[in-house]
Amino acid sequence: MKNFITLFVKEMQESMRNGKWIWLPIVIMIIGISQPITSYYMPQIIESAGNLPEGAVIEIPIPSGEEVLAGVLGQYGTLATLLFVLVTMSAISMERQNGTLTLVMARPVQALQYILSKWAAQLVIALVSLLLSYLLTWYYTNLLFNKVDWKIMLASLGVYSLWVVLIISVTILAGTLLRTSGGIAGVSISFLALLTVSTGLFTKFMEWSPAKLREHATSILMQGELLENGLLVIAATLSLSLLLVLLAIFNFKRFEQF
């Protein structure tokens with residue numbers, strides 16, 4: 001436990017030094033608040049763009065606050081997913097390339113402690129960034145549209161956060177398999193994209209898929225409850241994430257030889 005805490009604190013300090021604790025929350029917050037702001041000012045944006053036929057009238061229905069937050073989850077599903085992968089991809093490969101990994105594993109550090117410290121540190125950074133972004137977006141949504149109950153907001157965030165857990169787990173596993181950051185990012189994004197595409201193509205057989213988490217989080221916003229098989233999706237996501245972390249630990253054990 002002592003080794004895990006030491007490695008976790010080291011990872012936190014390193015993330016603070018390289019600015020990850022600053023730029024990642026800021027970028028994720030910008031992604032989040034852009035949705036309510038653009039939705040609110042969309043008529044003015046279209047009007048200022050010009051090139052409309054004379055006399056043309058465009059009426060855009062005002063979305064509800066719940067619909068705006070659901071749109072934000074869609075933004076997270078693409079841009080934020082890519083950012084979380086890019087942030088995590090060098091967690092292990094960087095230390096492997098600069099020789100720090102050899103020094104760490106020369107000490108009485110177990111693969112379990114090393115991988116869990118990396119996984120937990122990257123997960124904390126990602127989840128805190130997501131939390132700050134979603135809270136800020138919820139605040140602006142309440143200002144510009146109708147008020148969304150905070151319990152509904154937190155419940156939808158809790159369900160969607162499991163997708164982030166899966167992203168970090170996949171990227172950490174890829175980090176134990178490959179040496180280059182580009183390869184790690186490519187494998188991780190390909191896995192997540194394949195999972196998403198398969199879920200869309202084979203809906204009958206993919207009811208358990210973690211790619212459905214956004215649908216369930218959206219259902220909480222719009223209907224106040226999970227869709228059918230919601231608990232199955234949550235359980236499958238947690239199980240798959242645990243399996244990926246265990247595989248990462250198993251694969252990393254060969255480095256104990258250092």
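Predicted model: local features only at pLDDT ≥ 70, side-chain atom pairs only at ≥ 80, totals over all residues.

Visitor: How many helices and strands does the protein chain have?

Guide: Helices (H or I, at least four residues) and strands (E, at least two) are DSSP runs, numbered from the N terminus. Here the protein chain has 11 helices and zero strands, and its C-alpha atoms fill a box of roughly 75 × 40 × 35 Å, taken along the principal axes.

Visitor: What share of the contacts with a separation of 6 or more joins residues 24 or more positions apart?

Guide: Contact means heavy atoms within 4.5 Å, and in the protein chain such residue pairs account for 80% of the contacts with that separation.

Visitor: How should I read the packing of α4 and α9?

Guide: Two packed helices are described by the angle between their axes and the distance between the axes. The axes are lines fitted to C-alpha atoms over the stretch in contact, and angles run from 0 to 180 degrees between N-to-C directions. In this model, the axes of α4 (residues 65-88) and α9 (residues 181-201) come within 9 Å and cross at roughly 145 degrees. Thr81, Leu82, Val85 and Leu86 of α4 make the contact with Ala185, Ser188, Ile189 and Leu192 of α9.

Visitor: Is Ser129 buried or exposed?

Guide: Buried means under 20% relative accessible area and exposed over 50%, with partly exposed in between (1.4 Å probe, protein chains only). Ser129, which is found in helix α7 (residues 111-144), is buried, with a relative accessible area of 0%. A polar atom of the Ser129 side chain lies 2.8 Å from the backbone oxygen of Ile125, and, leaving aside neighbours within four places in sequence, Ser129 is in contact with Leu24, Pro25 and Ile28.

Visitor: Which residues of α5 are buried, and what follows that helix?

Guide: In α5 (residues 90-98), the buried residues are Ala91, Ile92, Ser93, Glu95 and Arg96. After α5 comes Gly99, whose phi is positive, near 90 degrees. Across the protein chain, buried residues make up 46% of the 258 residues.

Technical notes:
Residues numbered from 1 in each chain as written. Heavy atoms only, no water. Polar contact = N/O pair within 3.5 Å; in protein donor to acceptor, adjacent residues only side chain to side chain.
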